[in-house]
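Let us read a structure together, one feature at a time. Keep the chains in view as we go.

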Amino acid sequence: MSAVWPVARAAVRRRRVQTVVIGVVVLLSTTMIVVALGLLAASSGPFDRAYAKQSGSQLTASYDRSKVTDAQLTEAARSAAAVGGPFPQVTLDLAQPQMMGSLVAVGRADPGGAVDRLNVWKGRWATKPGEIVLNRNPTESSGRGKPQLNGTLSAGGQTLTIVGFAYSVSQSADAWVTPEQLNALHPTSTQMLYRFTHAATNAELTAGQKAVTAGLPSDALIGTQSYLALRALTAGQPNTFIPFLMVFGWLGLAVAVLIVANVVSGAVVAGFKHIGVLKSLGFTPTQVLTVYLGMVSIPAVVGCAGGVVLGNVLATSLLTRAFENYGAGGTSVPIWVDVVTLLGVPALVALSAFLPALKARSLSAAQAISAGSAPRAGRGLRVQRVLSGTRLPRSVSLGLGLPFARPGRTALTLAAVVLGVTSVTLAVGLGKSLTTYQTAASRAGAVDLAIFAGPNGSGPEGPGAPPGAKLTDAEDEAVLRSAPGVTSVAAMADLEMRLAGTQSDLRVSFYRGDFEQVGYRILAGRWFDGPGQVVVSERFLKQRGLAVGDTITLQSKGKSVRAQIVGKAMYNSGDEVLSNWATLALIAPDLRANIYEVNVKPGTDLDAVVKAVQAKDSGLQETEGQDAGTFVAVVLATVVLLTLMLGTVAALGVFNTVVLNTRERRRDLGMLKSIGMTPAQVTLMVVTSMIALGAVGGLLGIPVGIVAHRLVVPAMANGAQIELPDFMLEVYPAGLLALLVLAGIVISAAGAYFPARTAARTTIAEVLHNE
Amino acid sequence: MTDDNGQAVVQLTAVRKEYGESAALDGVSLEIHAGEAVAVMGPSGSGKSTLLSMVAGLDRPTSGSVVVHGDDLGTLDEKGLALFRRRRIGMIFQFFNLLDDLSALDNVALAAQLTGTSAAHARKRALELFEELGIAGRRNTYPSQLSGGERQRVAVARALMNRPAILLADEPTGALDTRAGEQVMDLLLDLNQIGQTLLLVTHDQQLATRCASRVIDFVDGQIAGERSLERTA
């Protein structure tokens, strides 16, 4: 073996270009694989670990205390594997600078128990009335402006001292006090925490819920929160990335394998003489095989190691970003991903080199030396003859014939281009699907004008604060409707509300007027048409395990309203609910609209509309409409980056082939130049040979890319917990398909140009005299 | 194929070519007139092939000037040199340098097609040359199926395709057996006798004495001597 290493190392040095190509291609492919596998493995890992450690609640339920007793709940819960509670529960309204909104407080004597064992990570547990423990993630900022240990907060007419901070992975409450203290706060509901023997799916959880509520009054249960929904919420971002990262990763690895096979078979063909010399020196066939495997394994191992490092950095960054609010820790790439990649990728590369290296092994010394110097029989002769007789410029017709001279190499290169075009097609489709979705979901451009109206009578509260509206809500709506060119006005009021039985704060937007004109698309069910009705997003439903037709309880300012989900609309937020003015009247009948969404006739001067309405109510202010979400921008940027990486990898495959071809054909190129072929004609000939492949690769890669798009987009939508309308898949019009064929040509031309230029500059005398 | 004014077809003046620190040509001055057949002889590394490369415009001198058929090669860019080679010279190599993927006929037609001649016209002209050189029956054969002598005849046909001012031959019989070598010698002699200017680089004394009217001896990049010969043919 001692003789093999220096020879393999020398082969690496001699083929610097191919060595760099292999290293870069393996590096990029490995990076994509590590990121994809890392996200796949880690996306649910932190949640599951933390849940197991805390024996988290698989179903958190809130019951109406006026309808069911603690004894009934305890009796009904016998079928559960483990139970926490009953605990008294109340939703408290807060009104202090650090903590606006509401707070769900639960009375618990201690943080332990069979279910939801709380992690008291700072201070201590509440042991007497007047004390409160807040639910806070240990990784969450606790700097200025946040409640501090030993600070106080006022809620329900009482002042409570913060004695500790605990964390519940089940998100069972915002705060805990002693049961005595909670009773003093007049609890309205009772919390039960359940774990079941079987709870891996929504169906099993539903069965468990049915069992523990059997025999209870039908309207006693006011809300539930499933751990599957919490996990889906946690893994939402990584699950969106995984499908396309996996596809890009495997595409990259496939291209890497093709390129390596191409490099080694090219090296064997070009190195016949070298092989013959090695064997005549006494190298055994296995040693020759080892030299050729070593030649590719060295850059492959280096590239793979670099890719693992880079992949870890990128994946950790994405995971940290995705889980930063989760606090379960351990959001790095699992070690097994690194080990599998470090062993698997070089093994795969070596395997792809094995067949051509076997050829080197099997050649006898005499065969190898004579094969290196004897004239070879031509290939693709019929094609060459036909092309010779065409009216095409000779450099073009010669170029078109070149791929037929090395059919095996051509097939490998074509496959690399096909995969490159597949990537571009997939990326373009993903980009269009995402932007189409984002435009529809964010209602970007759906409303011509958004007018803000502050509460009546409120004066300026500071520099830059908007003034209050001067007219009443009804008068302002009338003013807007009478403005020139206005075609529709939807009045909207926002209210922070709490979904009963959960820790979720929701923003409920109550509409009246022309709300069907403001860009929401109904995907299932219908718009609301009476009091106690809401429309929600797919994400809202998935995160809470609800469906159209279910009823939820919304709470605010000490009031509750039961509302039926009558429709599902297309928008991103899982924490936003749409409802109507009739429902608002049940909770806050005096609230006025704070936003008017206005549409106008085409060509209407929006500034003139704003001036006209401000002339009648100077308190009305134009405000900005909806903007695109940053998450989609991050996904799009990632897709563009990966496409560029894969396009580069495919172009490197072409580059490598052209380097091999032009090196093999140095003598031919020298001869062509000696009979008067200009450098430009040589470049044209070589680039043409690859452009033809690019065009074919484009035609083959487009359908593969469309199929990949059809698989990836639904998987991403599922991961992102959104409904997938058909229009998100119909993103390839004929004009775009024609343009995508160009992608193959561009990849090929980009990969071929530089080695073609180098070939065109070959010194003829040197080539022709070195026989 | 002759220079109408009787001037030199090739004129080298004080040509020096350096590769690194060594000089392959060292102050070579030389003239070749229309219709002449000149053989350059000398040991390996004496600069013969470098001289041929200078005349063919395949390489550029470090100093001095090379003028062929009125073209000062030092003033031409890469494209200009390519056009010069296309129109003014024909080259024959020791190892033929035919394209393996093209038939014999298409190898020859290629030279004309590069000038923009249509495929039909180029093939017609190539076929005429095949008939003149006695290889018309092998026109659709591929290089790997031809004998050495036949390959060299195809190479000669390709070199003559664009009616060059001078035919340059680098060891044209070096890779051939005796019989094939003699056939090629006869061919070159015939061409010269109908007016084709020839510049041969060779180790082969027999080729030189049979085909050349003048022999230039090269040693260490310099002209060591010059002889006029009575052809033995």
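Q: Which residues in α3(B) and α5(B) meet?
A: Contact means heavy atoms within 4.5 Å. From α3(B), B:A104, B:N107, B:V108 and B:A111 meet B:V154, B:A157 and B:R158 of α5(B). By class, this contact has five nonpolar, one polar and one charged residues. Here Ala, Val, Leu, Ile, Met, Phe, Trp, Tyr, Cys and Pro count as nonpolar, Asp, Glu, Lys and Arg as charged, and the others, Gly among them, as polar. This is a predicted model: local features need pLDDT of at least 70, side-chain atom pairs count only at pLDDT 80 or more, and totals for chains, interfaces and linings use all residues. Residues are numbered from 1 along each chain as its sequence is written, chains are lettered from A in the order in which they are written, and side-chain values use heavy atoms, with hydrogens and water left out.

Q: At what angle do the axes of α3(B) and α5(B) cross?
A: Axes are lines fitted to C-alpha atoms, for helices over the stretch in contact, and angles run from 0 to 180 degrees between N-to-C directions. Helices are DSSP runs (H or I, at least four residues), numbered from the N terminus. The axes of α3(B) and α5(B), residues 148-160, cross at roughly 25° and come within 7 Å. That makes the two helices roughly parallel, a word for angles under 35 degrees; over 145 is roughly antiparallel, 65 to 115 roughly perpendicular and the rest oblique.

Q: How does α3(B) pack with α4(B)?
A: Helix α3 (residues 104-113) and helix α4 (residues 119-133) of chain B pack at about 120°, with axes 8 Å apart. That makes α3(B) oblique to α4(B). Their contact residues divide into 10 nonpolar, one polar and two charged.

Q: What area do chain B and chain A bury between them?
A: The size of an interface is often given as the accessible area lost when the parts come together. It is taken with a 1.4 Å probe and summed over both parts. Chain B and chain A bury about 3100 Å², 57% of it on carbon and sulfur atoms. In chain B, B:D100, B:D101 and B:L114 lose the most area to chain A, together 21% of what that side buries.

Q: Which side chain meets B:D100 in a salt bridge?
A: A salt bridge is a side-chain nitrogen of Lys or Arg within 4 Å of a carboxyl oxygen of Asp or Glu. The partner of B:D100 is A:R667, at 3.8 Å, N to O. Across the interface of the two chains the rule finds two salt bridges.

Terms used. Buried area = accessible area lost by both parts, 1.4 Å probe.
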